Amino acid sequence: MEEKQEILLRFGNRVRELRKVKGLSQEAFASLCGLDRTYISGIERGVRNVSLVNISLIAESLGISLSELMQGLG
């Protein structure tokens, strides 16, 4: 698998894992982030290349820092 796709999959899995720990559905999480549910779904499936602004929104919505969100991805 191409390295770009691999990081997108790892990031998506990390977002899914943290969202589930918070007990949030994709729909509830998307609403909290101010993003569309299908966009969150795409992130979690590793098909969306997420902007830094949206990564920041995701971290903020999860109540964690950017570094915590990125933990284990490198």
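Glutamate 44 counts as buried, at a relative accessibility of 1%. The structure in which this residue is found is a predicted model, and the confidence of the prediction may be stated before the surroundings of the residue are described. Across the chain the mean pLDDT is 95, with 99% of the residues reaching 70 or more. Among the elements of the chain, the highest mean pLDDT, 98, belongs to α3, whereas the lowest, 95, belongs to α1. Where pLDDT is low, predicted coordinates should not be read in detail.

Glutamate 44 lies in helix α3, an element that is mostly covered, since six of its eight residues are buried. These buried residues are Tyr39, Ile40, Ser41, Gly42, Ile43 and Glu44, and what covers them includes α1, α2 (26-33) and α4 (52-62). Helix α3 is followed by glycine 46, a residue whose phi is positive, near 80°. When residues up to four places away in sequence are not counted, glutamate 44 touches Gly12, Asn13, Val15, Arg16, Arg19 and Gln26.

Side chains of opposite charge can pair when their charged atoms come close. The structure holds four salt bridges, and glutamate 44 takes part in one with arginine 19, in which the two side chains meet at 2.6 Å, N to O. Because glutamate 44 lies in helix α3 and arginine 19 in helix α1, this pair ties together parts that are 25 residues apart in sequence. Both glutamate 44 and arginine 19 are buried. The side chains of glutamate 44 and arginine 19 are also joined by a polar contact of 2.6 Å, and a further polar contact, of 2.8 Å, is made between the side chain of glutamate 44 and that of glutamine 26.

Arginine 16 is likewise a salt-bridge partner of glutamate 44, with the closest N and O atoms of the pair 3.6 Å apart. Here too the pairing is between helices, as glutamate 44 lies in helix α3 (residues 37-44) and arginine 16 in helix α1, so that parts 28 residues apart in sequence are tied together. With a relative accessible area of 23%, arginine 16 is partly exposed, whereas glutamate 44, at 1%, is buried. The salt bridge between glutamate 44 and arginine 19 belongs, through shared partners, to one network that joins Arg16, Arg19 and Glu44.

Another of the salt bridges is formed by glutamate 17 and arginine 14, the closest N and O atoms of which are 3.1 Å apart. Both of these residues lie in helix α1 (residues 3-21), where they are three residues apart, or about one turn of the helix.

Note on methods
Residues are numbered from 1 along each chain as its sequence is written. Side-chain values use heavy atoms; hydrogens and water are left out. Helices (H or I, at least four residues) and strands (E, at least two) are DSSP runs, numbered from the N terminus. Buried means under 20% relative accessible area, exposed over 50%, partly exposed in between (1.4 Å probe, protein chains only). A polar contact is a pair of N or O atoms within 3.5 Å; within protein, one must be able to donate a hydrogen and the other to accept it, and residues adjacent in sequence count only if both atoms are side-chain atoms. Contact means heavy atoms within 4.5 Å. pLDDT is the predictor's confidence in each residue, from 0 to 100.
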